[in-house]
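Here's a quick tour of some side-chain packing and charge pairing. Have the coordinates open while you read.

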Amino acid sequence: MKNKLPDFLIVGAAKSGTSSMHYYLNQHPKIFMPTYTSSGLKVKEPRFLIADKLKNRVSKGIWDFKSYNELFQDAEDGQITGESTVLYLFYYKEAIPNIKRYLGENTKIIIMLRNPIDRAYSAYLFSSRTNQENNKFEEALKMNFDLYKSNKSLSPMTLYKELGLYYDMVKAYFDNFKDVHIVIYDDFKKDPKIEISRLLSFLNIRDNVEIDSEKIVNKGGKQWNSDLIKQIFMSNSLIKKFLRLILSKKSRRILYNFLTSFFVHQAPPVSDKIKKQLLQYYIKDIEKLEKIINKDLSKWKEI
């Protein structure tokens with residue numbers, strides 16, 4: 001088996017547009033990014049380079065090198081390869097040595113950053129929708145770190161505040177790799193075509209292919225109307241077990257999308273009170289980050 005391993009990585013941050021960017025880049029014929037394993041298992045985020053941190057916490061991932069290598073075997077000659085695992089940024093102390101070990105020091109690094117307050121709330125809504133979180137946002141912010149340490153079934157996505165302390169993470173990647181590209185979520189959302197073009201230039205890929213950037217992948221900002229409905233949908237209920245017996249996976253997905261269109265709605269904005277508390281928590285980190293990435297982040301400091 002040939003070693004066709006990633007030339008570049010999208011390392012995070014979580015809930016910062018990485019799924020959409022993965023989808024857009026994968027449309028380019030000169031880029032190969034894995035979506036499925038050879039056995040048909042969907043795997044946009046392999047997580048292999050931080051396997052020791054995650055394999056006992058999350059159910060999906062590629063935990064051995066042979067399987068990781070296999071993800072990229074369908075890449076054609078002339079294509080560059082990449083993958084997206086958003087927790088490589090947070091777990092940089094584990095990820096960076098493994099990137100160097102398996103992929104080499106010339107690996108190109110892509111980091112997407114979002115206002116950490118908005119990112120924290122988006123991650124909270126995601127965790128709430130997927131039944132990882134049952135507390136109100138303000139309560140979750142107070143207790144999530146202790147809960148994460150004590151509950152081994154919780155995903156790192158529930159570390160709402162900690163995942164947004166970007167400075168040390170970003171600095172570590174700058175210190176260890178010569179090719180690091182930063183994408184600010186606000187710029188990406190405002191004009192995805194420009195940010196995609198800049199990223200293709202960073203990857204030394206010609207910007208001569210029409211990429212559909214209209215679709216937003218893994219769109220957040222929504223919550224359940226009812227805790228009861230949420231439990232029926234998200235827990236391993238008798239109703240879900242019955243549906244698995246009588247419906248195909250595709251039919252269950254169609255039914256799920258249809259029903260959630262009635263029971264999921266746009267979440268209210270974060271209160272000014274919580275925003276002020278979070279800004280106090282993040283302000284020094286934001287100011288240090290501005291200097292290292294040479295970017296004005298004043299909008300992140302507005303309430």
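## Lys 295 and its partner

Let's start with Lys 295, which is partly exposed at a relative accessible area of 33% (buried is under 20%, exposed is over 50% and partly exposed lies in between, using a 1.4 Å probe and protein chains only). Its side chain meets that of Asp 187 in a salt bridge, 2.9 Å from N to O; the term calls for a side-chain nitrogen of Lys or Arg within 4 Å of a carboxyl oxygen of Asp or Glu. Asp 187 is partly exposed too, with a relative accessible area of 23%.

This pair ties together distant parts of the chain: Lys 295 sits in the segment after H14, Asp 187 is in helix H9 (residues 185–190), and 108 residues separate them. Helices here are DSSP runs of H or I with at least four residues, numbered from the N terminus.

## Ground rules

This is a predicted model, so local features need pLDDT of at least 70 and side-chain atom pairs count only at pLDDT 80 or more, while totals for chains, interfaces and linings use all residues. Residues are numbered from 1 along each chain as its sequence is written, and side-chain values use heavy atoms, with hydrogens and water left out.

## Other salt bridges

The whole structure has ten salt bridges. Another one joins the side chains of Lys 273 and Glu 138, at 3.2 Å from N to O. It also links distant parts of the chain, with Lys 273 in helix H14 and Glu 138 in helix H7 (residues 137–150), 135 residues apart. Lys 273 counts as exposed at 51% relative accessibility, whereas Glu 138 counts as partly exposed at 24%.

Then there's Lys 55 with Asp 52, whose closest N and O atoms are 3.6 Å apart. Lys 55 is partly exposed at 39% relative accessibility, and Asp 52 is exposed at 67%.

## The nonpolar cores

Which residues touch the most other members of the largest nonpolar core? Tyr 68 and Tyr 173 do, out of 64 residues. A core here is a set of buried Ala, Val, Leu, Ile, Met, Phe, Trp, Tyr and Cys residues joined through side-chain atoms within 4.5 Å. Helix H14 (residues 272–293) gives the most to this core, with seven residues.

Setting aside neighbours within four places in sequence, Tyr 68 has contacts (heavy atoms within 4.5 Å) that include Leu 5, Pro 6, Phe 48, Ile 62, Glu 83 and Leu 103. There's also a second, separate core of 19 residues, with Ile 31, Met 33, Leu 200 and Ile 211 among them.

Conventions. Helix = DSSP H or I, 4+ residues; strand = E, 2+ residues; numbered from the N terminus.
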